[in-house]
Amino acid sequence: MTTLSKTPSGPDSVPAPDTQPYYTDAERKTTLTGLMVVFLLAALSQTIVGTAMPRIIEDLQGFSLYAWVTTAYLLASTVMVPIYGKLSDLYGRKPILIFGIVVFLLGSALSGLAGEPWLGGLLGGGMNQLIAARAVAGFGGAALFTITFTILADMFDPAERAKFGGLFGAIFGLSAVVGPVVGGFLTDALSWRWTFFVNLPLGLFALFLIASRMPRIGQRSGGKIDFLGALFILGATIPLLLALTWGGVTYPWDSSTILGLLGGAFVSLLAFLFTERRASDPIIPLGLFRIPMFSIGNLAAFVVGMAFFGVVMFLPLYMQMVLGVSPTASGMSMLPLMAGLMGSSILAGNIVAKNGAYKPWMIGGGLLLMLGLWTLTSLQADTTLPELYWRMFLVGLGLGPAQSLFTLAIQNAVSVRELGVATSSSQFFRQIGSTIGAALFGTLLMNNLHTEMPKHMPQIPGAQMNAANMDLGALRAAGSGQGGPGEKIKAAFAEQYTLIEKALDGDQAAAQAVATNPQMPNELKTLVGGGLRAQVHDKLSTQAAAIKAALSQGEAGRQVLLNNAETPQALKTQLQALPAQALATPQGAAAVAAQVSQGVLAQEDAAYEQAKAQALAGIKTKLDEQGTRLAAEVNTGLKEGFTAAMTRMFGSAIWIAALAFVITLFVPVLPLVSRRSAPPADAEAPATPS
């Protein structure tokens with residue numbers, strides 16, 4: 001494109017086709033304040049709801065629809081991004097932004113009201129109402145990000161925009177940390193409904209500033225809405241996002257549902273390209289792709305979006321599963337990554353504002369991102385939080401420059417009348433990249449888990465626990481120590497003890513269950529199957545026979561028994577109480593011997609209960625030891641297997657980051673262009689940005 005200088009203008013002058021109107025310093029400050037509130041509103045809306053979701057699904061009884069609360073918002077938001085960009089080019093930024101804010105606030109209010117009794121069974125119940133309301137909020141929310149960055153391009157020169165772009169990138173990073181904390185606080189202190197209602201005062205304040213203070217912005221270029229192009233872009237995007245969301249989770253990747261969605265998306269894409277080539281005013285002018293900065297920059301942003309989501313989405317899970325960090329605290333634990341992202345984003349923006357050299361920062365960010373991902377591949381099951389934090393900070397440093405500089409460079413490469421559609425296209429490709437990244441890395445992680453878990457899990461013969469069947473819910477439970485596989489193993493050993501106890505008490509069904517359990521040792525099966533009673537009977541019979549034989553010898557036999565250390569003390573007491581004359585004759589000795597031996601045999605039930613108690617005490621001790629040891633091995637195996645799966649996934653992420661880096665090398669270097677019209681003669685001079 002041609003580098004343009006400022007075109008002089010007076011009170012009655014009309015801006016040249018590729019120049020922008022003059023805005024006073026007061027207009028720019030007020031607009032910037034409103035845009036920051038709008039951007040914070042849009043960013044928080046994506047992060048504040050997560051910590052409230054457990055309470056929401058409990059109140060609205062919609063666990064099976066859990067994912068759709070987020071999916072509905074992302075679907076509606078993503079597909080509308082390019083449409084809003086084109087509409088803002090046709091009708092100006094201000095009315096489209098106001099429309100987006102109003103729709104977003106309407107969706108937020110309806111989300112907070114979902115499940116109220118007066119709504120009854122509308123749309124099938126509270127959870128369906130919430131999903132529909134989130135879709136409405138996403139429909140409006142798409143305008144917030146897109147139009148915000150477009151207005152920045154309209155009102156500020158690239159140098160100023162670089163600085164503010166870094167600031168807005170920092171706001172987005174901050175919202176990722178603050179959002180979960182605020183959402184948890186509002187849910188605990190007030191109600192989950194306030195995670196949606198909190199948008200209303202912020203949104204109304206932004207709406208007031210923009211409606212009353214912001215000047216009319218953007219080129220009203222004329223033309224008409226490309227309804228057919230909009231229809232085909234919806235037809236291409238929605239099935240693609242649904243396929244990426246459902247694939248490998250709800251439906252197999254090779255199922256007819258997923259293949260049908262992907263096929264439908266491809267056909268709609270071809271129809272979209274065919275339509276846009278012939279449309280007089282297309283939603284996305286295909287000619288933009290002939291601009292190297294537009295095509296290469298969007299491709300790089302698309303790939304960076306994949307890598308960004310792959311890291312940010314799964315690091316909290318690693319902290320919960322392996323390091324034992326609570327879900328709420330894991331949000332705060334992302335602060336080092338966000339601090340690096342915010343710091344490099346702001347620093348890059350300020351320096352680019354001074355020298356205009358954006359490409360070195362893009363390249364440097366790519367190198368740091370690859371280095372940061374490489375350090376994550378060395379994580380271990382015993383890695384400490386401080387050891388993880390510096391790695392996350394390094395990754396954040398690498399991600400920061402990409403958050404604003406690609407959009408800045410793309411805006412700088414297109415004409416003023418295409419700023420809206422160029423900005424929205426950049427946001428669109430970034431969001432599509434994030435969605436694909438989430439699906440791709442989720443699949444990679446699950447495949448890695450299936451490979452790594454058997455290497456680290458202990459072998460449990462006959463057990464139903466199989467590493468290939470492990471899900472992320474089991475991993476989270478193991479990390480929190482509440483109901484995880486380790487606890488289930490302990491419970492299983494406790495159930496085994498109860499079964500053994502019942503079998504020894506004579507329960508035939510329990511005895512049969514023990515006999516057919518492959519995990520039970522054979523000696524225990526023998527013991528439960530009558531072996532213990534037989535042992536007691538044999539022991540008492542042998543003891544009774546020995547006593548009878550000894551006492552049959554008279555006093556001499558009694559003395560032998562009294563001097564025998566193995567003779568029970570109770571029996572010695574009984575023998576000592578016998579009068580001497582009872583053993584004086586052979587007949588008397590025989591009668592006493594028979595009576596005492598019968599008494600010993602009569603104690604079989606009591607002896608069995610005593611032997612059973614001793615046996616159960618030993619069995620319980622042994623089972624507890626085995627259960628504790630095996631539970632520890634399973635939990636350790638889960639942590640080691642999950643860590644190995646994560647590090648392999650980060651290794652794959654390096655290749656994606658490397659692809660983004662290679663693409664970035666081909667990003668054109670263009671001077672930052674000023675398209676600002678000169679101020680009218682009676683206007684105040686704009687303040688120099690600090």
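Fourteen residues, written 14 in the notes, line the largest cavity of this predicted model. Those that lie nearest its centre are Val304, Met362, Gly365, Gly366 and Ala402. The space inside this largest cavity comes to about 110 Å³. In the whole structure, the search finds two cavities of 30 Å³ or more.

Which helices supply at least two residues each to the lining of the largest cavity? They are α14, residues 359-376, and α25, residues 604-665. Helix α14 gives the largest share, with five residues.

Phe266, Val267, Leu269, Leu270 and Leu273 make a nonpolar patch of about 450 Å². Phe266 belongs to helix α10, which covers residues 256-278. Phe266 counts as partly exposed because its relative accessibility is 49%, between the limits of 20% and 50%.

Finally, the charged pairs. Side chains of opposite charge can pair when their charged atoms come close. The whole structure contains two salt bridges by this search.

In one of them, Glu116 pairs with Arg193, and the closest N and O atoms are 3.7 Å apart. These two residues stand 77 residues apart in the chain, each in a loop: Glu116 between α4 and α5, Arg193 between α6 and α7.

Glu452 and Arg648 form a salt bridge at 3.3 Å, N to O. This pair joins helix α17 to helix α25 across 196 residues. Glu452 is buried, at 7% relative accessible area, whereas Arg648 is partly exposed, at 39%.

Definitions and conventions: Residues numbered from 1 in each chain as written. Predicted model: local features only at pLDDT ≥ 70, side-chain atom pairs only at ≥ 80, totals over all residues. Heavy atoms only, no water. 1 Å grid on protein atoms, 1.4 Å probe; cavity = no way out; pocket = protein on both sides within 12 Å on 5 of 7 lines; lining within 4 Å. Points joined across faces, edges and corners; volume = space filled by probe spheres on them. Helix = DSSP H or I, 4+ residues; strand = E, 2+ residues; numbered from the N terminus. Patch = residues over 30% accessible without salt bridge, like charges linked within 9 Å, V, L, I, M, F, W, Y side chains within 5 Å. Areas by Shrake-Rupley, 256 points an atom, 1.4 Å probe, with all protein chains shown as cover. Salt bridge = Lys/Arg side-chain N within 4 Å of Asp/Glu carboxyl O. Buried < 20%, exposed > 50% of the residue type's maximum accessible area, 1.4 Å probe, protein only.
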